[in-house]
Amino acid sequence: MVTPVWCTSWRQDATTLIGPLLDLPALPCVDLPRPQIVTSHPNGYLWKRDHVDAWPGDAPAVWIDDDFTALDHAWAAERTAKGTPTLLVHPDPHLGLQPEHLTEVTTWVAQLPVARAA
């Protein structure tokens, strides 16, 4: 099962302002703070990452954003190496999310092992 979640600086407004434009149902939202920063990469990585990391715990995760750095990709690779599959999808900020990105996500999710009930 896959659970889409907003993780945007639009915060909860994404559900009411963006979601309807995309014909999306109400989705949960990662509770992001309003940091006092002058760059989206104050520590060399995307400022949202620590909040994204906490959200899924040890569940597989796909994160789509147009502002990743090499440190974000290293974080995803390390998370995956430790047994928690993590995919970063990095759309061009001038083009946005494209059908091929969604194909990449659905293909990746389909290859995940299915959890079996005990």
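Trainee: How do you know that the count of disulfides comes to zero?

Mentor: A disulfide is a pair of cysteine sulfur atoms within 2.5 Å, and by this rule the count is zero. The sulfur of Cys 7 has its closest cysteine sulfur in Cys 29, 7.2 Å away, which is too far for a bond. Cys 29 is likewise in no disulfide. This is a predicted model, in which local features need pLDDT of at least 70, side-chain atom pairs count only at pLDDT 80 or more, and totals for chains, interfaces and linings use all residues. Residues are numbered from 1 along each chain as its sequence is written, and side-chain values use heavy atoms, with hydrogens and water left out.

Trainee: Why is Cys 7 called buried?

Mentor: Buried means under 20% relative accessible area, exposed over 50%, and partly exposed in between, with a 1.4 Å probe and protein chains only. Cys 7 has 14%, so Cys 7 is buried.

Trainee: What makes Cys 29 count as buried?

Mentor: Its relative accessibility is 9%, so Cys 29 falls under the cut-off. Of the 118 residues in the protein, 32% are buried.

Trainee: Why does the radius of gyration of the protein agree with a compact globule?

Mentor: The radius is taken over C-alpha atoms, and the globule rule is 2.2 Å times the number of residues to the power 0.38. For 118 residues a compact globule would have a radius near 13 Å; the protein has 15 Å, which agrees. The C-alpha trace spans about 45 × 35 × 30 Å along its principal axes.
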